[in-house]
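Please take a few minutes to walk through this protein with me, one stop at a time. Keep the sequence and the 3D view side by side as you read.

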Amino acid sequence: MNAVAASDRAPAEAVFLLGRLVVVPDHSGALWLPDERTLVVADLHLEKGSSYARRGVFLPPYDSAATLATLSAAIARHAPARVIALGDSFHDREADIRLGEDNRATLQRLQAGRDWLWVTGNHDPQIGAAMGGDSAATVDLRGVTLRHEPDAQETGFEIAGHLHPAAKIRMRGRALRRRCFALSSRRCVMPAMGAYAGGLNLRDEAFRPLLGPGFSAHLLGDARLFRIDPRLLLPD
């Protein structure tokens, strides 16, 4: 992925070129595509908390509200004409039924006045019509394929989620582990936005066939991203 000069569209962010597609990673975990006026998010895992509760694992039931708040802030920053959610937006096939009225209202508000596309994932192979928007297995933008699960056999350009990349580094004598973007010359693997989604260490073997030696990690900070040399990444 080649860096290009930052423009007035995103003066405070790093701007990259993936094939013919300009992409701007956002510290929320979203990916802004300024030329397409499109915001891409991955792995919201809405209602993961209630899914665990049904199995006797009780977590604070606020994950969907927290996730939608993060998404709302990213949408407010970029004012996209379209939002694409790259799969596992709902933690299971009944998550849309369990989604509370307040969270449904938030989702409807976010969808109002813009196109919305749910890319299906392994957790949500079908999206209920009540959730609004359209759904598809993949989408192509300027020769870049957007899908849920990265395909190691992809010979073109790709944006995907599914693996929930996270990076661990040592800073000022202590270990720090944060969600991150993993960027290579042909692929962007996006971090999960879901509050309870967790992350898979970039040193895991699952990333080896996807990224190659020239990739970079971009850790999510509170107000910005931090680019980390892969040689500094630690295993868990």
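Setting aside neighbours within four places in sequence, A192 is in contact (heavy atoms within 4.5 Å) with A42, D43, H164, R179, A197 and G198. This is a predicted model, in which local features need pLDDT of at least 70 and side-chain atom pairs count only at pLDDT 80 or more, while totals for chains, interfaces and linings use all residues. Residues are numbered from 1 along each chain as its sequence is written, and side-chain values use heavy atoms, with hydrogens and water left out.

Helices (H or I, at least four residues) and strands (E, at least two) are DSSP runs, numbered from the N terminus. A192 has a relative accessibility of 3%, so it counts as buried; buried means under 20% relative accessible area, exposed over 50%, and partly exposed in between, using a 1.4 Å probe and protein chains only. A192 and P165 are 27 residues apart in sequence, with C-alpha atoms 7.5 Å apart in space.

Now for the strands. Two strands pair if DSSP finds at least two bridges between them. Strand 15 (residues 200-201) pairs with strand 12 (residues 165-171) in the parallel sense over 2 bridges, and the partner of A166 there is N201. Strand 12 also runs antiparallel to strand 13 (residues 174-183), joined by 6 bridges, with I169 partnered by L176. Strand 12 and strand 13 form a hairpin with 2 residues between them, and R172 in the turn has a positive phi of about 55 degrees.

Strand 11 (residues 157-160) has parallel partners too. Strand 10 (residues 144-147) joins strand 11 through 3 bridges, and V144 stands opposite F157. Strand 14 is joined to strand 11 by 3 bridges, again in parallel, with A160 opposite V189.

Next, find D63, which lies in helix 2. D63 has a relative accessible area of 4%, so it is buried. Although D63 and A195 are 132 residues apart along the chain, their C-alpha atoms are separated by 5.4 Å. Beyond its neighbours within four places, D63 is in contact with H45, E47, K48, G49, A195 and Y196.

H78 is also part of helix 2 (residues 63-78). With 14% relative accessibility, H78 counts as buried. Its side chain makes a polar contact with the side chain of D26 at 2.9 Å. A polar contact is a pair of N or O atoms within 3.5 Å; within protein, one must be able to donate a hydrogen and the other to accept it, and residues adjacent in sequence count only if both atoms are side-chain atoms. Just after helix 2, A79 takes a positive phi of about 45 degrees.

Which residues of helix 2 are buried? They are D63, S64, T67, L68, L71, S72, A74, I75 and H78. These residues cover an arc of only 170 degrees around the axis, which puts them on the same side of helix 2; the arc is that of the directions from the helix axis to the C-beta atoms. An α-helix has 3.6 residues a turn, so residues three or four places apart point the same way. Among the elements covering the buried residues of helix 2 are strand 4 (31-33), helix 1 (48-54) and strand 7 (115-119).

Helix 2 leads us to the core. A nonpolar core is a set of buried Ala, Val, Leu, Ile, Met, Phe, Trp, Tyr and Cys residues joined through side-chain atoms within 4.5 Å. The largest one has 25 residues, and those with the most contacts inside it are L39, V41, L71, W116 and W118. Helix 2 gives the largest share of this core, 4 residues. A second, separate core of 23 residues includes V23, L117, L141 and F181. In soluble globular proteins, nonpolar side chains tend to be buried together.

Finally, compare two loop residues. R37, in the loop between strand 4 and strand 5, has a positive phi of about 50 degrees although it is not a glycine. D88 has a positive phi near 50 degrees. R37 is partly exposed at 48% relative accessibility, whereas D88 is buried, with a relative accessible area of 2%.
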